[in-house]
Amino acid sequence: MNEIANLQPSCIWRNFDALTKVPRPSGHLEKVQQFLLDFAKRVGVEAFIDEGNNIVMKKPATPGMERRKVVLMQAHMDMVPQKSPESNHNFETDPIETYIDGEGWVRAKGTTLGADNGLGVAAIMAVMEATDLQHGPIEGLITADEETGMFGANDLPKGELNGDIMLNLDSEMWGKFVIGSAGGVDVDTTLDYKEVETDPEDAALKVTLKGLRGGHSGLEIHEGRANANKLMVRFVREAIETCEARLVSWNGGNMRNAIPFKAEVVLTMPKENVEAVKALVDDWKADFEDEYKYIEENIEFFAEKVETPKTEVPVEIQDNLIDAIYACHNGVVRMIPAYPDVVETSSNLAIIKIENGEAAFKILVRSSREDMKDYAVKTLESCFNMAGMKVETSGSYGGWDPNPNSEILNMLKRIYKEQNGKEAIVQVDHAGLECSVILEKYPNMDVVSLGPTLLSPHTTNERCQISTVEPFWKLLKQVLIEVPEK
């Protein structure tokens, strides 16, 4: 048996261990959906897939508690599929390899752990299978494809849930109750171009930047972590200006909601300038290491010779694209005036692909204000329109407005203090949570988000602090006992 299955509380860790063996990257959820349906059948609770591809579970109240308010526990089933460059992991077929690091954290070998949001799913499973818990009517909503656009929540049908209280289990800091979160929108920019022939006498280099920390573009955007695309453009522009380099291709980032930790470009240049470009790489590496010496520890930046491609990006298109990448806003736009430690508005230049006559960029804008979200989108539109690119938005979702007078929040705060001897933190998060989308369809629910401590989600450094899972479970059980009558 895997060592994490022996951790306490076993009801959560055993279910999470089972979940790590089921492939569930966003967009490939058939196996985990069947896993959850089989689980529900085995433990004797009602379960079905709805038209949004979400799994819904329903468990009746224990005797004598039928008149309590209905509690909906909510998590998402998909995980971000990030892996280290040396990993051969296939997220569509391979189980996650977990281990305990000796410092009290559960991690994965070379990949994301999937505790975001697998621990929330495991907690729902633990409640559904329990025979010794006291509770009123319980519902579980395990949504599909949260990480790629909250598609399951957006397609959630009205009328299938009866919850009066929703406990979202997708927060990532124990002792913190989230009562509001940012909205978001995807900004996609594209440009088709006709490639031109490369000078057959030119040489070519593939330049790679990797080893950056990356991270969650909501939770960690304020930390000043390096964005691989924004660092790479500085080098590329100087290589073009001083070494007669030409752009062939660009591949940077792979997830819309993750800060890109790697970027690769292929450049051509006159053969006599190859060494100058390599020296430029070394110079920029030194600059990047100095700029980020308190943030990034493992910056790798190097060039290697490759076969000269037959075609490349036309000069005018190349220059426009480089200007657009340079000008594109990345990072924090503004903090929340009422909560100056929380980001209000940000943008993340997440993905750049330039090759074979097509350029495509993806940026995720987040904001807890609709007007500022619109401002950030229009800023990006203006930038990319000047480069002749087509700009489209998709997947827009609103923010979750905080309710500091929430009944369930006050209950959680009281129980947390009784169990832990200190006050809980109440916070609005910059990360997008499905609460806002679900509340649009079920506006009368009283909602709070909570969970054990996870660090660095959306990266291969994702980890869960073992010591926070037991008190999280203890709190959840007591809340179910104390839920008031309707």
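The model is predicted, with local features requiring pLDDT of at least 70 and side-chain atom pairs counted only at pLDDT 80 or more, whereas totals for chains, interfaces and linings use all residues. Residues are numbered from 1 along each chain as its sequence is written, and side-chain values use heavy atoms, with hydrogens and water left out.

**Figure 1. Overall dimensions of the chain.** The chain has eleven helices and 23 strands, which are DSSP runs numbered from the N terminus (helices: H or I, at least four residues; strands: E, at least two). Its C-alpha atoms fill a box of roughly 85 × 50 × 40 Å along the principal axes.

**Figure 2. An open sheet of four strands.** The strand order is E4-E5-E23-E22, with antiparallel pairing; two strands pair if DSSP finds at least two bridges between them. Strands E4 (98-100) and E22 (454-455) stand at the edges with a single partner strand each, so one side of each lacks a neighbour in the sheet. Strand E5 (residues 105-108) is joined by two bridges to strand E23 (residues 463-465), and the two run antiparallel. Val-106 stands opposite Cys-464 in E23.

**Figure 3. Packing of helix H3 against helix H11.** H3 (residues 115-129) and H11 (residues 469-482) pack at an angle of about 50°, with axes 12 Å apart; axes are lines fitted to C-alpha atoms over the stretch in contact, and angles run from 0 to 180 degrees between N-to-C directions. In H3, Ala-123, Ala-126 and Val-127 meet Phe-472, Trp-473, Leu-476 and Leu-480 in H11, where contact means heavy atoms within 4.5 Å. By class, this contact of H3 with H11 has seven nonpolar, no polar and no charged residues (Ala, Val, Leu, Ile, Met, Phe, Trp, Tyr, Cys and Pro count as nonpolar, Asp, Glu, Lys and Arg as charged, and the others, Gly among them, as polar).

**Figure 4. Local backbone features.** A cis peptide bond with omega of about 0° joins Gln-8 and Pro-9. Another cis peptide bond, between Asp-116 and Asn-117, has omega of about 10°; Asn-117 lies in helix H3. Met-150, although not a glycine, has a positive phi of about 55°, and is found in the loop between strand E6 (138-143) and helix H4 (151-154).
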